[in-house]
Number of protein chains: 2
Amino acid sequence: MAPSRTNLERLFAPASVAVVGASTSPGKAGHEALRALEHFRGSVFPVHPSAGEVLGQRAFASLRALPGPVDLVLFAVPAAACVQAVREAIDCDCGSGVILSAGFGEAGPAGAAMQAEIERMCARSSFRLLGPNTAGFVNRELPITASFLLAADRIPPGEIAIVAQSAGINLTLGFLLAKLGYGVSCAVGLGNAVNVGAADVLEFLAEQPRTKAIALHLEGVNDGRRLYEVLKRVTLQKPVAVLTVGRENVADFARSHTGNLLGSHALRVAALRQAGAVVVETTEELASAAAALALGRLPAAFDPGVGVITAQAGPGLVILDRLKARGVSVPALHPSTEARIAAQLPGSGYAKNPVDTGRPGASFSDVALTLAADPQIDVMIVFALHEPAAMSPADVLPDVAARAHKPVFFGTMGPLDEIAPLAAMLRQRRIFVAESPEQLAHVAAALAEDAKLRARLVAFEDSRMKSATIDVPNPCDEHATKQLLEALGVRTPTGVVCSTHEQVRVAFRQLAKPVAIKILASEIAHKTEVGGVQLDVGDAAGLRAALDALDAIPLGSERRYLVEEMAPPGLEVIVGAVRDASFGPSVMVGLGGVFAEAFKDTAVRLAPLTTARAQEMIDELRGATLLHGFRGGPPLDRVALAETIVTLGDLLSRHPEIQEVEVNPLRVYQQGVIALDGLLSFERRKLTPEA
Amino acid sequence: MAPSRTNLERLFAPASVAVVGASTSPGKAGHEALRALEHFRGSVFPVHPSAGEVLGQRAFASLRALPGPVDLVLFAVPAAACVQAVREAIDCDCGSGVILSAGFGEAGPAGAAMQAEIERMCARSSFRLLGPNTAGFVNRELPITASFLLAADRIPPGEIAIVAQSAGINLTLGFLLAKLGYGVSCAVGLGNAVNVGAADVLEFLAEQPRTKAIALHLEGVNDGRRLYEVLKRVTLQKPVAVLTVGRENVADFARSHTGNLLGSHALRVAALRQAGAVVVETTEELASAAAALALGRLPAAFDPGVGVITAQAGPGLVILDRLKARGVSVPALHPSTEARIAAQLPGSGYAKNPVDTGRPGASFSDVALTLAADPQIDVMIVFALHEPAAMSPADVLPDVAARAHKPVFFGTMGPLDEIAPLAAMLRQRRIFVAESPEQLAHVAAALAEDAKLRARLVAFEDSRMKSATIDVPNPCDEHATKQLLEALGVRTPTGVVCSTHEQVRVAFRQLAKPVAIKILASEIAHKTEVGGVQLDVGDAAGLRAALDALDAIPLGSERRYLVEEMAPPGLEVIVGAVRDASFGPSVMVGLGGVFAEAFKDTAVRLAPLTTARAQEMIDELRGATLLHGFRGGPPLDRVALAETIVTLGDLLSRHPEIQEVEVNPLRVYQQGVIALDGLLSFERRKLTPEA
């Protein structure tokens, strides 16, 4: 209640807590939440309309009856009663609250209305509210367990913070970390997140010195752009690993869950990585990646190298396969390193990276040190089955790590009762011990990815835009869009807009043959589908036939024609920019023109972006090889393609009135690009469940 | 030594074992292997050239000095000494052996020569040899631990068999199973597999009643075709889950490991699935899938349905996302089921599949039973955080499983000391307990996949070929290949082979215009690259220009021309059949003609195959939507495409002299297909590291 503390600080580190709905019935949320506060060293006030005492503590009839405003109120009454209770908490100058109850936005229109009312009340005050529809949070530094899940009280303290949209995932992660032998600083379940969102908690955690790494779980994101901006700052300070669901179409169930729309999974993943967060695939990976990252990050690097040393080739091969699948470099060693390792190894070993020591012997430690000393190696991973007669990891590894000044990860398997004390001892020495070859590869990959993304965040992120604001006609037909593109430096075919056949004939004479003739009419959105595009018109007969065809299209409005020189053949791509409802301006590129959609080969980023970032997008395409000189052909102009992406992104960033702009196809040549079609829209498209 | 036992049975279930290289030095393989035999109840004979006693047991100077032939000899002497020792074992009529030593095919030419010598000796006798370069095996039924890895002796007994190419993975899997609370019947590390291969062990295990499921690990496979044929029989008897490495280019390290080439990962995966084996991604998944499958399979079904019930929506969403990513059906429930669940649930639950119960209450069991009773549901998965005050899984789940007569998998998280006894109790009742939402989804997916693959194995596999043997000219140029295709029922363009300009002009007059004119010459393999294909020739001037262009190509051999009618535009695909060095005849289909390679959108299967199996291939393509009526277009002739695949597969199966046949492009229409180019080769292509 010190005036220097923000209400967000009072929420996560309260000195006093009230429980509205404190109950004498075991199993009820209000009962369990009160029990979970048993170890809390601050003041606890049960609120119950009639009971004089709950769980042996004096109860109060209402928040108004308390001796003074508390830092935190836990609401464990039905949804309908929460609205009044929150109002009372605000009126009483309480600092913050957690609504543990469900029945709000996720439960239909009535719940959504109550949620909106609570959101409005919070927005009008400085009261900070977590939830509704959350199982709460734990803060192990204090400690406090603000949850009806009694078991949450047993998550051990540690250096990892969890921020999870789902309270269930929040606790799942806490227990997964415990299973790995690690603990949490804070673990927060956001629930429906009407007031306190992921970005708020991340900002709070960035300033908490005990938190060394953050595990983030996201479903749909309401204000993606703010999350992106906050993450860009936080990831420079602390490593963030993130799991985001919704790769598949799970929109119906997701909406029933927190009432949020999921939005595009691909865009969310791209935005998170662009902001420097390491995106992982599973809750188990999220836990292990966060645990490993909390031990220490690599310096920012574009392509950090992993050195692998294994006593068994089979697991080594699994590790190598996984590292490569994640795009992690397992670099060739310096010849002198290989020579030295070859001399240190017994006969049947493999002295390259990965190093296969064969059954480990006395030289294991020397081999590891030699590998670690190679300048290509930034992080080391070691795998060896439990074979104490051959090698003692407890003696070898901490020594190697200390002398190499590079992180060392260890993986082993053996009888549990022998492995467990070994692992605990190594953890004590800050060496991560993996439980499978894949987990070992994945934690090393997370460390490398964190270093890579940070290097790119520093080098590629620069939101200065090249282009200035520009006049955009509304509506903006194909020709107007192309003029706009030309003004922005994107080449389009030479062409003329004509209102009469005579104008068309004049244009035809002046332009290089063959030409394309397209119908221009505001009522036609998809020209090709109505036969409104006549290609390869080369002579007078062709011209007549083309005009006949275009004139046969029934039209209510004015009929105009766009006559354009045909562009030479080239690689067709689609480039677009669209304003996402949550993340704002974004850009996409796809190979294959119309086939881009069928092959699902597209890359997305948030705009504005730099040319370097746009080139990163292009390299991400499966078909990127088509640009690099496919089948002996010449390499194509990736820079011009990247600059087109940047230009469209800048356009949307400068012009909030534009909803979408798309060039399809854009032809890419050895030198330059040409936009063959352009579509610009001011209309907000309905967000599809999984766009 | 009973004459009724095969030497393979004597290998894995010996009554007597000799250890060649038994050593008095702790840490040495021959010492550890002898110690690992401490619990073996048969006879053990240390073999040592001079010591009278090793580890308190009488030692023998050589195998010849033994009282009689033993069932199994463990070789723990250096590679060079193994050759002589194996010879002696065969001469002494021993039944089988395991070479624990390394330094053979994986270690360079000298080792490869020794390995070849041992392979020859075994092939000439009935002696069965495991290895070399293996850490051996355990048979928990006997029990026996034939390994220098002492810890292997502590893998608990159970119902799961492991067959692993890598001995390191073999033991890793054994310990992973132990960690999950399960045990093994047999666990075999194949090593370099010169004599006993995966197929042999699978055949052996199929007959072992205590083995309920098999976990298989593969790197490169020497005789893929035999493995495929054996697997097709074994998977009908017992479930097989398999992990195969080498998705990425890891060929160098793999070769250093067992000396085997990896071959194509895609083909290996396709062949394994075609044979009914469930392909998984990680060692952890392999262990959990095998453990779950050992509890019981689903009946064969083309699309089994999973019912999900969760107490926390967040983990439920993760589970749903994962199931969908694996192509597992989470079907809509019957309206009456939904109505009943809605009535059973408290207010804020979600009564569809997945069912979200909200905080679980007394109705949890009823809800689960109602869901299980739905006819769409074949297997149930239940997730709930550890909340004993709200729900007791130990009381609810075994009862639900017993009454529903459908498999139930459970996932939970909580304090380890509270979860562990609960999990043990549920395992006792044959309910699998997962350690994360993803593991829960993956075991259910494995069960569904096993049922799906088996349904397809029964319905799709039929190796009768449609076509008969046919005359194949050698060499077989484009025109001859097309005539062959026509004879096999694959349409090709109408065309004429001409030797003179006059013949070309006659052909031009007779054929429908425009035509394509291609150069035919045995020395030109890639016509397009030398300008040897002239398209769209429609008039006399075009004809002259085309012939001029073709005549400008410098040529040593006879110059001929293929004049063909141009086919109408259509979707271009590539279809081919190739004889794989390990798996034999295989077929492939890819969308996009030349783009198929760039987009890496291809599917493969072993041939011969049925049309239904070929259609399954087509559906697997990412761009399959292009065939289903893309962007409002008409659906294309998938059946004709499938039949073309079958035809090419039959051709290679019938004609062992043909190495490869490829049609690229094949155009697909609403009705039928046309092969625009054909390439047939009798030459074995060099197996690329990762073809």
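# Sheets, helices and the A/B contact

Me: Which strands does helix 18 of chain B lie across?
Reply: In this predicted model, helix 18 of chain B, residues 501-510, lies across strand 20, strand 21, strand 22 and strand 23 (560-565) of chain B, and the helix runs at about 165° to strand 20 of chain B.

Me: And what does helix 19 of chain B touch?
Reply: Helix 19 of chain B, made of residues 540-551, packs on the sheet and touches strand 21, strand 22 and strand 23 of chain B, with a direction that makes about 175° with that of strand 22 of chain B.

Me: OK, what's the strand order in that sheet, and is the pairing parallel or antiparallel?
Reply: The sheet is open, with 4 strands of chain B in the order 20-23-21-22 and antiparallel pairing. At its edges are strand 20 (495-498) and strand 22 (533-537) of chain B, each of which pairs on one side only, and from one strand to the next the twist averages 20°.

Me: Now chain A: which strands stand at the edges of its sheet, and why is one side of each left without a neighbour?
Reply: Chain A has an open sheet of 4 strands in the order 20-23-21-22, with antiparallel pairing. Strand 20 (495-498) and strand 22 (533-537) of chain A stand at the edges, and because each has a single partner strand, one side of each has no neighbour in the sheet. On average, neighbouring strands of this sheet are turned by 20° against each other, direction ignored.

Me: What about helix 17 of chain A, at what angle does it run to strand 23?
Reply: Helix 17 of chain A (residues 478-487) runs at about 40° to strand 23 (560-565) of chain A and lies across strand 20, strand 21 and strand 23 of that chain. Helix 18 of chain A (residues 501-510) also packs on the sheet, touching strand 20, strand 21, strand 22 and strand 23 of chain A, and its direction makes about 165° with that of strand 20.

Me: Switching topic: how much area do chain A and chain B bury between them?
Reply: They bury about 7,100 Å², 67% of it on carbon and sulfur atoms. In chain A, the residues that lose the most area to chain B are Phe253(A), Leu317(A) and Phe599(A), together 11% of what that side buries. The contact takes 83 residues from chain A and 83 residues from chain B.

Me: How many salt bridges are there between the chains?
Reply: There are 8 salt bridges between chain A and chain B, including one in which the side chains of Glu435(A) and Lys179(B) meet at 3.3 Å, N to O.

Me: Which helix of chain A gives the most to that side?
Reply: Helix 11 of chain A does, with 11 residues. The residues on the side of chain A that touches chain B divide into 37 nonpolar, 21 polar and 25 charged.

Me: Last one, how far apart are the closest N and O atoms of Arg297(B) and Asp450(B)?
Reply: They are 2.8 Å apart, in a salt bridge. This pair links distant parts of the chain, 153 residues apart, with Arg297(B) in the loop between helix 10 (283-294) and strand 15 (306-310) of chain B and Asp450(B) in helix 16 (residues 437-460) of chain B.

Conventions
Residues numbered from 1 in each chain as written. Chains lettered and ligands numbered in written order. Predicted model: local features only at pLDDT ≥ 70, side-chain atom pairs only at ≥ 80, totals over all residues. Heavy atoms only, no water. Pairing = 2+ DSSP bridges. Helix = DSSP H or I, 4+ residues; strand = E, 2+ residues; numbered from the N terminus. Axes fitted to C-alpha atoms, helices over the stretch in contact; angles between N-to-C directions. Contact = heavy atoms within 4.5 Å. Buried area = accessible area lost by both parts, 1.4 Å probe. Salt bridge = Lys/Arg side-chain N within 4 Å of Asp/Glu carboxyl O. Nonpolar A, V, L, I, M, F, W, Y, C, P; charged D, E, K, R; others polar.
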